[in-house]
Amino acid sequence: MATTTAPLDTRSPAKLKTVRIEIKRQASPDAEPRWEKFDLPLRTGMNAISAMMEIAANPVTADGRETTPIAYDANCLEEVCGSCAMRINGKARMACSALIDKVQENGVVRLEPLSKMPVVRDLSVDRSVLFENLKRVKAWVPLDGSYDLGSGPRITPQQQEEAYPLSRCISCTICMEVCPQFNEETGFVGAATIAQAKLFNEHPTGRVLKEERLHALMGDGGIQECGYAQNCVNACPKMLPLTKAISDVSRDVMIQAVKDVFTR
Ligand code: FES
C-alpha cells in the first residue's frame, strides 16, 4: 500500500513534526547493502525500535515504494538484554534507549548494523565472537554437578560493590565495535571478555579457574593487544569500569607470567 509522505522536516528538534529514518539494509550475509528511507511522524518517546515497529506496520519508503519490514534484534526494550546494539547516526549505541528526538540530526536518523560483526540481515548481526571469547576465558563459576551444594560462599559488601558494576555487562559488543584494536589482524578478545575474566577471578568460587583465565589472556589476541584507546569505557551503555578491569587483569597476567617462569 503506497502512501504520500511529507517532505523532510529540518526545523529545530522542538518543532519537528516528522523524522526521516535512513536504514542500511542487506538481504543476506553476502548481499550488497542498500539504503532505504522512511518518513515517520515524530511521536513523544519514540525510539529507534518503536520507529522500526511503525515501519513494519506500513513498510513503504519515503518515495512511496512498498518494501519489507526491517530485520533487527531486540528483546527486553529496556537496555538489559544487549541485543539491539547498532550504529545510530554513526555512533554505536542501544536502539531501544535511543530516543529519536535526541539522536536525530537535522531531522534525520541513520541506522546501520554494527560494522565489526557479520551481518545476518539488515540490522541483525552475528555476535557469536563475543561468546566464543567468553568461553576462551572460562567466564563462569564452575559447579561440580547439579545437586544441592548448599549456600554459596559469603561475599562481603565491599566485594559485592566491586563485582556489581562488572556484572552489569549486557554482552552488547559495543566496546568491541568502538575498539581500534578489535579486528581480524589482532584477534583481540575485547574489553567485555577481559572484564568478565576479572569478575570471575574475584569470585570466591570462580577464582579456582583464575590461572586458566590468565593463561588464556596471554599470547595472540590476549590482553597485550589492548592499546588503551579508552573508547570502550566511553561507549559502554552500562558504564562498566572497563579500563580499570583491563589494568587489573593486565597486572595479574604479568604476575602469573613471572610465577610461571619459576614454577614450570
Ligand atoms: S532490546 Fe534489550 S537492550 Fe535493547
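Reply: Start with the residue classes. Ala, Val, Leu, Ile, Met, Phe, Trp, Tyr, Cys and Pro count as nonpolar, Asp, Glu, Lys and Arg as charged, and the others, Gly among them, as polar. Keep in mind that this model is predicted.

Me: Now the pockets. What volume does the largest pocket have, and which residues lie nearest its centre?

Reply: A pocket is an open set, whereas a probe in a cavity cannot get out. The largest pocket has a volume of about 210 Å³. Its lining is made of 13 residues, with Gln159, Ala163, Leu199, Glu202 and His203 nearest the centre. Two elements, α4 and α6 (191-202), each give two or more residues to this lining.

Me: Which element gives the most to the lining of the largest pocket?

Reply: Helix α4 does, with five residues. By class, the lining of the largest pocket splits into six nonpolar, three polar and four charged residues.

Me: What lines the second largest pocket?

Reply: This pocket has a volume of about 180 Å³. Among its lining residues are Lys116, Met117, Pro118, Val129 and Asn133. Phe182, Asn183, Glu184, Gly187 and Phe188 line it too. Sorted by class, that gives five nonpolar, three polar and two charged residues.

Me: On to the surface. Which residues form a nonpolar patch there?

Reply: Leu143, Tyr147 and Leu149 do. Together they have about 350 Å² of accessible area. Take Leu149 as the example. It sits in the loop between α3 (128-136) and α4 (157-167).

Me: Is Leu149 buried, partly exposed or exposed?

Reply: Use the cut-offs: buried is under 20% relative accessible area, exposed is over 50%, and partly exposed is in between. Leu149 has 44% relative accessibility, so it counts as partly exposed.

Me: Next, charges. How many salt bridges does the structure hold?

Reply: The general idea first. Side chains of opposite charge can pair when their charged atoms come close. This structure holds 18 salt bridges. In one of them, the side chains of Arg110 and Glu22 meet at 2.8 Å, N to O.

Me: Which parts does the Arg110 and Glu22 pair tie together?

Reply: Arg110 lies in strand β5 (residues 108-112) and Glu22 in strand β1 (residues 18-25), so the pair ties together parts that are 88 residues apart in sequence. Apply the cut-offs again. Arg110 has 33% relative accessibility, so it counts as partly exposed. Glu22 has a relative accessible area of 11%, so it is buried.

Me: How far apart are the closest N and O atoms of Arg43 and Glu54?

Reply: They are 2.8 Å apart, in a salt bridge. Arg43 lies in the loop between β2 (34-41) and α1 (48-57) and Glu54 in helix α1, so this pair ties together parts 11 residues apart in sequence. Arg43 is partly exposed, with a relative accessible area of 45%.

Me: Which residues are linked in a network of salt bridges?

Reply: Glu162, Lys198, Glu202, Lys210, Lys244, Asp248, Arg251 and Asp252. Look at Arg251 and Asp252: their closest N and O atoms are 3.2 Å apart. Arg251, at 44% relative accessibility, is partly exposed. Asp252 is buried, with a relative accessible area of 11%.

How values were computed:
Residues numbered from 1 in each chain as written. Predicted model: local features only at pLDDT ≥ 70, side-chain atom pairs only at ≥ 80, totals over all residues. Heavy atoms only, no water. Patch = residues over 30% accessible without salt bridge, like charges linked within 9 Å, V, L, I, M, F, W, Y side chains within 5 Å. Areas by Shrake-Rupley, 256 points an atom, 1.4 Å probe, with all protein chains shown as cover. Salt bridge = Lys/Arg side-chain N within 4 Å of Asp/Glu carboxyl O. Helix = DSSP H or I, 4+ residues; strand = E, 2+ residues; numbered from the N terminus. Buried < 20%, exposed > 50% of the residue type's maximum accessible area, 1.4 Å probe, protein only. 1 Å grid on protein atoms, 1.4 Å probe; cavity = no way out; pocket = protein on both sides within 12 Å on 5 of 7 lines; lining within 4 Å. Points joined across faces, edges and corners; volume = space filled by probe spheres on them.
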